[in-house]
Amino acid sequence: MNLDFSEEQKSLGSELRRVLAKHSGLRSTREALEGRAQFDESLWRTLGELGWLSTAIPSEFGGQALGYEMSCVVAAELGASLAAVPFVSSIALAAEALLIAGSPEQQRSYLPALASGARIGALALVEELGPISARSIRLELKDGRVTGKKVAVTDGLQADLLVTVARHHGEPQLVLVNGDAEGINRIPQRGVDPSRAPCC
């Protein structure tokens, strides 16, 4: 069994490496370490414009439909360059949650913006320490409003789209919350990795 990337995937990875080399990963990571920036906005825009954020997103939602292996190539190159961008939170978690559990309307409304980098998503799932299960979900959805709290939301400070799970009539349901919605209170929490922006 060959678990290596294909030659085409390796070639695309080399192309991305050249793009990343023009953006000083060490500089943007240092700014994150010192608290001057949460992520490299210029690099994020570039990645979106060049299609690097949309490799695994279906074409009907503005993606390139190149598959998860190509998305892994992108993630590997971003990690190797210490790129200070919310790729895992926005693409691997939030967009993937929408692909798996979002309604067709939610997918059409939000996936193109995530694929282009116009919006940044975050997955808000954890509420307390311990196993995550339907019974542990306390966030409530009632009359179109969610109440409660989530913790350890990676890239939650800069996300403008929060993909979360709330209880609705006793059952867990995928809920999308705009980051600028009234009543949202984000409290920065410093994690163990100082090269990452604080979560909330």
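This is a predicted model: local features need pLDDT of at least 70, side-chain atom pairs count only at pLDDT 80 or more; totals for chains, interfaces and linings use all residues.

Entry 1: I began with α5, which has 15 residues and reaches 20 Å from its first C-alpha to its last. That is close to the 21 Å expected at 1.5 Å a residue.

Next I looked up which residues of α5 are buried. My list reads F87, S89, S90, I91, A94, A95, E96, A97 and L98. Then I asked what covers these buried residues of α5. The cover includes the helices α3 (41-49), α4 (68-80) and α6 (104-116), along with the strands β1 (121-124), β4 and β5.

**Entry 2: one serine.** I picked S89 out of α5, the helix that runs over residues 87-101. Is S89 buried or exposed? Its relative accessibility is 2%, and buried means under 20%, so S89 counts as buried.

I then checked what S89 touches, leaving out residues up to four places away in sequence. I found A94, G121, A122, L123, T154 and D155. With T154 there is also a polar contact to note: a polar atom of the S89 side chain lies 3.3 Å from the backbone oxygen of T154.

**Entry 3: a loop residue.** I moved on to L157, which sits in the loop between β3 and β4. How far apart in space are L157 and P198? They are 41 residues apart in sequence, yet their C-alpha atoms are 7.4 Å apart. P198 is also one of the residues that L157 touches, and the others on that list are Q38, R186, P188, C199 and C200, again not counting residues up to four places away in sequence.

**Entry 4: the largest pocket.** I wrote down about 790 Å³ of space for the largest pocket. Its lining is made of 27 residues, and V146, G148, G183, I184 and N185 lie nearest the centre. The elements giving two or more residues to this lining are β3 (145-147), β4 (161-168) and β5 (171-178). The largest share, 4 residues, comes from β5. By type, I have the lining down as 14 nonpolar, 8 polar and 5 charged residues.

Entry 5: I noted a volume of about 40 Å³ for the largest cavity. Its lining consists of L125, V126, E127, E128, G130, P131, I132, S136 and I137. I sorted the lining of this cavity into 5 nonpolar, 2 polar and 2 charged residues.

Conventions:
Residues are numbered from 1 along each chain as its sequence is written. Side-chain values use heavy atoms; hydrogens and water are left out. Buried means under 20% relative accessible area, exposed over 50%, partly exposed in between (1.4 Å probe, protein chains only). A polar contact is a pair of N or O atoms within 3.5 Å; within protein, one must be able to donate a hydrogen and the other to accept it, and residues adjacent in sequence count only if both atoms are side-chain atoms. Contact means heavy atoms within 4.5 Å. On a 1 Å grid over the protein atoms alone, a cavity is a set of points where a 1.4 Å probe fits but cannot get out, and a pocket is an open set with protein on both sides within 12 Å along at least five of seven lines; lining residues have an atom within 4 Å of a point. Grid points are joined across faces, edges and corners, and a volume is the space filled by probe spheres set on the points. Ala, Val, Leu, Ile, Met, Phe, Trp, Tyr, Cys and Pro count as nonpolar, Asp, Glu, Lys and Arg as charged, and the others, Gly among them, as polar. The expected span of a helix is 1.5 Å times one less than its number of residues.
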